Amino acid sequence: MGRKGTAAVAALTALAALAGGAAGCTVQPAGAGGEHRSPVRIEVPSRTPSASPSRAPDGDGGGNGGDGGKSSPPSSTPAPRVLWSPGDSGRGIRELQARLRQVAWIFHGPTGTYDDLTAEAVRGFQGRRGLPRTGVTDSVTWQRLLGMTREPGRWELYLMGGQPADAPDARCRTGRVLCISKTSRTLRWMIDGRTVSTMPVRFGSEYTPTREGVFQVYWKSRHHVSTLYDSPMPYAMFFSGGQAVHFSADFAARGYSGASHGCVNVRDEEAIARLYGQVRNGDKVVVHW
C-alpha cells in the first residue's frame, strides 16, 4: 500500500475513534474466513438503552459490565407491620383469639387481652406455617390466619363473657332489682336506679327457655342441687318455679357454647357469691329483651 493509501486508512481510523466516542461504535475484525469487511461500523444507539452485557469487561463473570464486576447490593424487603403484641387489648385481640380458637390453637377466651397463652398460640401457628416464631401478630401472620378462618360472630367474640351491658329496662329503675337482659346476656344488680354490679349470664335453650317478665326472689339456697337434673346449682336465687339465678360450672368452662335448662347461669363464682350475700327474698327480678 502506498503513502496515500496509508494516509487514507489512518484518516478513517481516526474518524472511527471520534465517532465511537460520540455514538457508540464497534470496530469489526476480519471475518472468520479472512474476508475483508469495512474497517468501521458506526451504530447510533436507540432511545432505550440495551441490557447490560452478561459478562464484565475484565471477564470475572460479574454480570455488571462497566462497574468493575461489583454486584449491586440486594434490595432489602421491609419487615411486615406489627398489628398486635403481648400487653395489647381490645376488640382486635378478641377477633384474633376467636380465629385461633377456630383452628384449635387456643382454648381460652376470647378475653380481649394479648396474654402469654395468646402469644404461645401465635408462635405455634407461625411455626407450623414456616413463619418466624415471634409470638407477635404481624400483617403476614394475620393474612394467613384470615385465609384459614371465617369472621367470628358476636358470641364467639364474647364466648366467655366480657360484653358490655345494654341500657336497663325501665322496670329496673326503682327499688332493688336483678335486671337481666337477654339481648346483651348480662345481669345488672341495681338499687334505686344505680348499677351496683354487672356480670355475663346464660339462659335456657329454645326447648327450655328462660321465662321473661317481672318476678320476685322467693327462695335462696346456697348449696342447692337440682332434683330434676341432679346437677349442682350453688348460690341459687329462685324467682319463677324451678328457675333461678345461680352459678354454673358448665358456663364457666364452656361459655356460650352451652345453655341452661331455663335458669339464669352466672360463670363468675366470686361475683355471684357477693351478689348472693346482697340479694334478699322479695327483691324484684326483671327478665327482658
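Biologist: Let's start with tyrosine 218: does its relative accessibility make it buried, partly exposed or exposed?

Modeller: Happy to, and do keep in mind that this is a predicted model. Buried would need a relative accessible area under 20%, and exposed would need one over 50%. Tyrosine 218 has 44% relative accessibility, so the residue counts as partly exposed.

Biologist: Are the rings of tyrosine 218 and phenylalanine 238 stacked, edge-to-face or tilted?

Modeller: A search of the whole structure gives seven aromatic pairs. In the pair of tyrosine 218 and phenylalanine 238, the ring centres are 6.3 Å apart and the planes make an angle of 45 degrees. Stacked needs under 30 degrees and edge-to-face over 60, so this pair is tilted.

Biologist: How many residues apart are those two partners, and where do they sit?

Modeller: Tyrosine 218 belongs to the loop between β6 (213-216) and β7 (219-225), while phenylalanine 238 lies in strand β8 (residues 232-240). Phenylalanine 238 is buried at 4% relative accessibility. The pair links distant parts of the chain, with a separation of 20 residues.

Biologist: Which aromatic cluster holds Phe251?

Modeller: The rings of phenylalanine 251 and tyrosine 256 have centres 5.2 Å apart and planes at 55 degrees, so they form a tilted pair. Phenylalanine 251 is buried at 0% relative accessibility, and tyrosine 256 is buried at 12%. The cluster is made of Trp155, Phe251 and Tyr256.

Biologist: Nice. Which residue has its charged end over the ring of tryptophan 155?

Modeller: Tryptophan 155 is a member of the aromatic cluster with Phe251 and Tyr256. A charged end sits over its ring, 4.1 Å from the centre, and that end belongs to arginine 185.

Biologist: What is the handedness of the disulfide?

Modeller: The structure has one disulfide, formed by cysteine 172 and cysteine 179 with their sulfur atoms 2.1 Å apart. Both cysteine 172 and cysteine 179 are buried. The torsion about the S-S bond is about 80 degrees, so the disulfide is right-handed.

Biologist: Which element gives the most to the largest nonpolar core?

Modeller: This core has 23 residues, and those touching the most other members are Leu178, Ile180, Leu187, Met237, Val245, Leu275 and Val285. Elements that each supply at least two residues include β3 (176-181), β4 (186-191), β5 (194-202) and β11 (284-288). The most, four residues, comes from α7.

Biologist: How many residues are in the second, separate core?

Modeller: Among the members of that core are Leu96, Leu100, Ile106 and Phe125. Phe125 is also in contact with threonine 141, which is found in helix α4 (residues 139-148). The second core counts 13 residues.

Biologist: Is threonine 141 buried or exposed?

Modeller: Leaving aside neighbours within four places in sequence, threonine 141 is in contact with Val122, Phe125, Gln126, Leu131 and Val136. Its relative accessible area is 3%, and the cut-off for burial is under 20%, so threonine 141 is buried.

Biologist: Turning to the backbone, which peptide bond is cis, with omega near 5 degrees?

Modeller: The proline involved, proline 110, lies in the loop between α2 (91-102) and α3 (116-128). The cis bond runs from glycine 109 to proline 110.

Biologist: Aspartate 192 and tyrosine 235 each have a positive phi; which one counts as exposed?

Modeller: Phi is near 55 degrees for aspartate 192 and about 60 degrees for tyrosine 235. Tyrosine 235 is in strand β8 and counts as buried at 10% relative accessibility. The loop between β4 and β5 holds the other residue, and at 61% relative accessibility the exposed one is aspartate 192.

Methods
Residues numbered from 1 in each chain as written. Predicted model: local features only at pLDDT ≥ 70, side-chain atom pairs only at ≥ 80, totals over all residues. Heavy atoms only, no water. Buried < 20%, exposed > 50% of the residue type's maximum accessible area, 1.4 Å probe, protein only. Contact = heavy atoms within 4.5 Å. Phe/Tyr/Trp six-rings, centres within 6.5 Å; stacked < 30°, edge-to-face > 60°. Lys NZ or Arg CZ within 6 Å of the ring centre and 35° of its normal. Disulfide = S-S within 2.5 Å. Core = buried A, V, L, I, M, F, W, Y, C linked by side-chain atoms within 4.5 Å.
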